Amino acid sequence: MRIVVLVKPVPDTASGGERLRPDDWRLDRAAVPAVVNANDEYALEAALKLTETHGGEVAMLTMAGPTAPETMRKALAMGAASGTLVTDDALGGSDVVSTTRVLAAALKGLEYDLVFAGADTSDGGGGVVPAGVATLVGLPYLSYAARIEPNLETKRVRVHRISPTGYDVLEAPMPALVVATQALGEPRYPSLKGIMAARSKTIETTGIPADTAPDAGTLGGAASTTAVLAAEAPPPRAATRVVRDPADEAARQVVEFLAERRII
Amino acid sequence: MESESPHGATGATPTYRLTEDQAALRDAVKVLADERIAPRAAQIDRTAEFPWDVKELLASHDIFAIPYPERYGGLGGDLLTVCLAIEQISRVCATSGLIVAVQELASLPLLLVGSDEQKERWFPDLAAGRLLIAFALTEAEAGSDAAAARTRARRDAATGDWIIDGSKRFISQGSVADLITVFAVTNDAEGTPRHQRLSCFIVEKDMPGFAVERIEHKMGIRGSPTAELSFKGVRVPDANRIGDVGQGFELAMRTLDRSRPGIAAQAVGIAQGALEVAAAYARDRKQFGRPIAEFQMVGAMLADMDAQTEAARQLLYKACTEIEAGAPDAGRWSAMCKLVAGDTAMRVTTDAVQVLGGYGYIDEFPVERMMRDAKITQLYEGTQQIQRLVIARALTARR
């Protein structure tokens, strides 16, 4: 079984330095180190577990800037076999429509039984790219998966989709696109042998796939259907009171604080 | 220094930095330490129980595998890479860092002079962490003066086996190890030079006559059981003898040349951990209406702690590369890095407690534990006084 996972490098929010560029309000990706988008790690973990059970391998597909291989190595260290990076200066500032079209076109050049994606990304946060890709490629779209059960004999995949009341059980023929959730299980830490092995794995870098856009100006920032008009930092939080006393005394103070404000 | 040539005019390496692989392995161990080991550290200290879960974590992420050759399931990492892992783990939990250090320490005689059969027999399990190994040199009356050991191994002329009798004290992880690297007297005939009395053996924990007599109650590294071991007529096949008969003392000294940096790494890690806690506290803690970090007396302490820790770290890294390169004064580098790192850890952790004031003295914050843990790095694998002796001898011998 071959699974392609859509992986996006995003700014490391733990670094605390993420910021928007003041001229065009785009994310300043050079300002902070990039990490694999957390939700994509869950998708990757689910894919790795499935190939460990059913055999096969995991590949990753990324659209990002030219430094993305540094971040993609982490996914290779976790166990992905290879990666494809689509990168081109013209793709900077892509909106979800551009991104969807590029990823869909790039997928056409890859072999797979399943495509996995994270629920959304921690930078853009649109959450619609996976559905768009499935639509453009013509794949069944199975979202918010808490359990994924492919059947290699019937060539069908069954997914438990999280719903407000429990689970919907969906089934579709493969290939299909599945959106992973954190309910699938914590991503693994790369082992040291995995890190060493990742050094010799291949990340293939390509430009914009030929059949994506017949004419220039229909992709990337130039064609973006959305624009950020202004941005401002949220107001600083009001003074925080930290209670460091032992538990009993701390609890008393917290209760008193809440009671004074009639919250409890 | 900039240079057009990749190796510069002097033939030196172009950068004085970690390799990409070393940095990647260090970062991976750091994440594991921060997210999986740090949350356990206080409990490990409080319960003084060996953290089997941490041992499993280290095993499953190939951290034990670093020093062993690749053909035996290891990573073939150099001494610096081992030290980077010990440093990152000790940054959050000195007991856990010691698990890696002891595994390497006790494997060193095998790594240095073990036969291919012996490596084939034990390394795959040691690299995978399926077996733990401890290093038994010290005795109650033979500490700094290791050559004065009394534990004896006499040859059974009929079978060629060795019969070991005696006891060893202060053996880190001696009670949880599957294998014990034991140094015993094989030749005490009149006139035998002191350094030719000992030989080295691997004792397996299930061998009849081997017993754990007791576990010490310690000030620090409390999750690492320090055991007194007894050997009563333990029969050890000659296949378990490491190196030549009479080579034991020299082997022990060569082992310590390579293992002391591991303890220096533990010390640097402890210092770094305490520094990070102290700096974060000084940023958050307000007195007289502003963070205490803004008071110059506190800022100066933090600056000194950082500078001293970095100095110890750089000496350690340099020592590792010199030892790995086969420097003739490896013993000097090894002693210097342990000396400086151990003293730095003690000073920095003591200052960290000072920065936190009363909060530093209670177990709500980790710095009091780090201060207790730091002390051992001035004592084991040679006291600081022994390190100075080694350095001074190397210095004067060259004249």
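Reply: In chain A of this predicted model, among the contacts between residues at least 6 apart in sequence, 70% join residues at least 24 apart. Chain A has six helices and eleven strands, and its C-alpha atoms fill a box of roughly 65 × 50 × 40 Å along the principal axes; of its 264 residues, 36% count as buried.

The helix pair itself belongs to chain B, where helix H3(B), residues 79-90, and helix H6(B), residues 248-284, have axes that come within 7 Å and cross at roughly 30 degrees. The crossing in which H3(B) passes H6(B) is right-handed. On the H3(B) side, the residues in this contact are Leu79(B), Val82(B), Cys83(B), Ile86(B), Glu87(B), Gln88(B), Ile89(B) and Ser90(B), and those they meet in H6(B) are Arg258(B), Pro261(B), Gly262(B), Ala265(B), Gln266(B), Val268(B), Gly269(B) and Ile270(B). Sorted by class, the residues of the contact between H3(B) and H6(B) comprise nine nonpolar, five polar and two charged; Glu87(B) and Arg258(B) are the charged pair by class, with Glu87(B) contributed by H3(B) and Arg258(B) by H6(B).

Beyond this packing within chain B, there is also the contact between the chains, in which seven residues of chain A touch 13 residues of chain B. On the side of chain A that touches chain B, the classes are five nonpolar, one polar and one charged.

Key:
Residues numbered from 1 in each chain as written. Chains lettered and ligands numbered in written order. Predicted model: local features only at pLDDT ≥ 70, side-chain atom pairs only at ≥ 80, totals over all residues. Axes fitted to C-alpha atoms, helices over the stretch in contact; angles between N-to-C directions. Helix = DSSP H or I, 4+ residues; strand = E, 2+ residues; numbered from the N terminus. Left-handed = near helix turned anticlockwise from the far one by under 90°. Contact = placed C-beta atoms within 7 Å. Buried ≥ 20, exposed ≤ 12 C-beta atoms within 10 Å, placed from the backbone.
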